[in-house]
Each structure stands twice: as C-alpha cells, then as structure tokens.
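Please read them beside the coordinates.

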Amino acid sequence: MKIKSGDEVIVIAGKDKGATGKVVKALPKEQRVVVEGVNLIKKHKKANPAAGQQGEVVTKEAPIHVSNVALVEDGKATRVGYRFEDDGTKVRISRRTGKDI
C-alpha cells in the first residue's frame with residue numbers, strides 16, 4: 001500500500017470527493033485508511049447506569065478504501081512511485097514532479 005500514516009491525501013471518489021485531510025491510521029491488510037474529517041459516521045453509545053455513563057451519539061471517522069484517495073502535492077492529486085538510492089534504500093517519489101515525498 002503506497003499511502004502511509006501521516007500523509008496528506010485528497011478523496012477522489014465517493015460522497016466526500018474533493019475533501020482533503022491527513023491519514024490518521026493505515027490498515028494495510030484491509031486496504032483501507034482513516035482520514036481526518038472524511039467519511040464521518042454517527043455511532044450510538046448505549047447508557048450504562050451502573051457505571052454512571054449516559055447514552056450519547058458519537059461522530060467519528062470510518063475507514064475509506066485506499067483506491068478512493070490520492071496523495072496531495074501542491075494542492076493536486078499525484079500518484080506514488082518508488083526509486084532506489086545508491087546505498088540501496090527505497091524512497092517514495094511523486095510521479096507528477098519526481099520529487100521525494
């Protein structure tokens with residue numbers, strides 16, 4: 001998976017198309033990412049009177065498929081590529097400009 005935690009991404013498909021945000025969590029096994037402020041859902045939390053907790057409705061981010069997001073560079077979506085340095089390290093690069101990400 002080419003999108004990592006902490007990357008700035010733009011949503012390219014779905015109900016939140018055009019929204020940008022930071023990747024909070026990457027789930028490589030499920031091919032999904034959690035993006036800050038995108039794909040918000042409301043979760044109803046049940047009350048627990050014994051513990052003194054009230055019921056509430058919590059808004060949180062749900063995972064979105066990684067194919068529906070793209071890395072952002074200079075405000076535009078870009079694809080990710082890889083390059084090997086002379087010392088053998090693998091570096092992510094932007095396919096749009098060729099710069100390191």
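1. Surface. The protein chain exposes about 7,000 Å², an area from the Shrake-Rupley method with a 1.4 Å probe, where for residues only the protein chains shown count as cover. Carbon and sulfur atoms supply 49% of that surface. Buried residues make up 27% of the 101 residues. Here buried means under 20% relative accessible area, exposed over 50%, and partly exposed in between, with a 1.4 Å probe and protein chains only.

2. Basis. This is a predicted model, in which local features need pLDDT of at least 70 and side-chain atom pairs count only at pLDDT 80 or more, while totals for chains, interfaces and linings use all residues. Residues are numbered from 1 along each chain as its sequence is written, and side-chain values use heavy atoms, with hydrogens and water left out.

3. Overall dimensions. The radius of gyration of the protein chain is 18 Å, whereas a compact globule of 101 residues would have one near 13 Å. The radius is taken over C-alpha atoms, and the globule rule is 2.2 Å times the number of residues to the power 0.38. Along the principal axes, the C-alpha atoms fill a box of roughly 65 × 30 × 20 Å.

4. Charge. There are 21 positive and 13 negative side chains in the protein chain. Lys and Arg count as positive and Asp and Glu as negative; His and the chain ends are not counted. The centres of the two sets lie 8 Å apart, with each charge placed at NZ of Lys, CZ of Arg, CG of Asp or CD of Glu.

5. Secondary structure. The protein chain has ten strands and zero helices. These are DSSP runs numbered from the N terminus: helices are H or I of at least four residues, strands E of at least two. Of the contacts with a separation of 6 or more, 38% join residues 24 or more positions apart. Contact means heavy atoms within 4.5 Å.

6. Which order do the strands take? The sheet is open, its order is 6-3-2-1-7-8, and the pairing is antiparallel. Two strands pair if DSSP finds at least two bridges between them. Strand 6 (64-65) and strand 8 (76-78) are the edges, each pairing on one side only. Strand 7 (residues 69-73) runs antiparallel to strand 8, and three bridges join them.

7. Leu 71. This residue lies in strand 7, and its bridge partner in strand 8 is Thr 78. Leu 71 is buried, at a relative accessible area of 3%. Beyond four places in sequence, its contacts include Ile 3, Val 9, Val 80 and Ile 101. Glu 36 is 35 residues away from Leu 71 in sequence and 14 Å away in space, C-alpha to C-alpha.

8. Ala 77. On the edge strand 8, Ala 77 counts as partly exposed because its relative accessibility is 39%. Not counting residues up to four places away in sequence, Ala 77 touches Ile 10, Ala 70, Leu 71 and Arg 96. Its C-alpha atom is 9.0 Å from that of Val 11, 66 residues apart along the chain.

9. Positive phi values. Asp 74 sits in the loop between strand 7 and strand 8. Its phi is near 55°, positive in a residue other than glycine. Asn 39 also has phi near 55°, in the loop between strand 3 (32-35) and strand 4 (40-45). Are these residues buried or exposed? Asp 74 is exposed, with a relative accessible area of 63%. Asn 39 is buried, at 17%.

10. Strand 9 (residues 80-84) and strand 10 pair antiparallel over five bridges. They form a hairpin with five residues between them, and Gly 88 in the turn has a positive phi of about 95°. Gly 81 stands opposite Ile 93 in strand 10. Strand 10 (residues 90-94) is largely enclosed by the rest of the structure, because four of its five residues are buried.

11. Glu 56. This residue belongs to strand 5 (residues 56-61). Glu 56 is partly exposed, at 42% relative accessibility. Lys 43, His 44 and Lys 45 touch Glu 56, leaving out residues up to four places away in sequence.
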